[in-house]
Amino acid sequence: MSKARIGIVTVSDRASAGIYEDLSGKAIIDTLSTYLTSEWEPVYRLIPDEQAQIEATLIQLADEEGCSLIVTTGGTGPAKRDMTPEATEAVCDRMMPGFGELMRAESLKFVPTAILSRQTAGLRGSSLIVNLPGKPKSIRECLDVVFPAIPYCIDLMDGPYLECDESVIKPFRPKK
């Protein structure tokens, strides 16, 4: 069984300011660490809200770093510089709109502004790219609802087998 490589990308203009504690990227790593019992390695990037840089980072993580899963945080709102969904669409072969639909539906249970979020997901080669919101609390809420489908999606793309602590999160895999 191969060790999964998972890209973690925080998109934030505050990153270039130099004094920035990335709570969102840490929230993704902490959440995945509670979910996964199989070996995995985070491949972390902190980048500014620049579409070209987001695209280049996603391509590098998918094509060169061999990440079977890439999870982004930030840049999914309506602000002019929020370009993560556009960058994701630009580099993906196929889009997976159900991820964004489910995350927004879940977030609406907590805040009415969830309809402003533009999370999405897509496939590039053998990588699944999932865009999450930027708030650490929202990251866990969104991952809790979509992650049960992620291990099977990775299976279907011939990626590493992701094993989970089923007392924390139960992945869905059809019976053979």
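Residues are numbered from 1 along each chain as its sequence is written. In this predicted model, local features need pLDDT of at least 70, side-chain atom pairs count only at pLDDT 80 or more, totals for chains, interfaces and linings use all residues, and side-chain values use heavy atoms, with hydrogens and water left out.

**Exercise 1.** Determine how α2 and α3 are oriented, and which residues make the contact.

*Solution.* Helices here are DSSP runs (H or I, at least four residues), and strands likewise (E, at least two), numbered from the N terminus. The axes of α2 (residues 51-64) and α3 (residues 84-91) come within 9 Å and cross at roughly 45°. Axes are lines fitted to C-alpha atoms, for helices over the stretch in contact, and angles run from 0 to 180 degrees between N-to-C directions. Therefore α2 and α3 are oblique to each other; angles under 35 degrees count as roughly parallel, over 145 as roughly antiparallel, 65 to 115 as roughly perpendicular and the rest as oblique. Contact (heavy atoms within 4.5 Å) involves Gln51, Ile54, Glu55, Leu58 and Ile59 of α2 and Thr84, Glu86, Ala87, Thr88, Ala90 and Val91 of α3. By class, this contact has 6 nonpolar, 3 polar and 2 charged residues. Ala, Val, Leu, Ile, Met, Phe, Trp, Tyr, Cys and Pro count as nonpolar, Asp, Glu, Lys and Arg as charged, and the others, Gly among them, as polar.

**Exercise 2.** Describe the packing of α5 against α4.

*Solution.* The axes of α4 (residues 97-107) and α5 come within 9 Å and cross at roughly 125°, which makes α4 oblique to α5. Phe99, Leu102, Met103, Glu106 and Ser107 of α4 meet Glu141, Cys142, Val145 and Val146 of α5. The residues in this contact comprise 6 nonpolar, 1 polar and 2 charged.

**Exercise 3.** Characterise the largest pocket and its lining.

*Solution.* The largest pocket holds about 670 Å³ of space. On a 1 Å grid over the protein atoms alone, a pocket is an open set of points where a 1.4 Å probe fits, with protein on both sides within 12 Å along at least five of seven lines; lining residues have an atom within 4 Å of a point. Of the 29 lining residues, Thr76, Gly77, Pro133, Gly134 and Lys135 are the closest to the centre of the pocket. β1 (4-11) and α5 each supply at least two lining residues, and α5 gives the most, with 3 residues. By class, the lining divides into 8 nonpolar, 14 polar and 7 charged residues.

How values were computed: Grid points are joined across faces, edges and corners, and a volume is the space filled by probe spheres set on the points.
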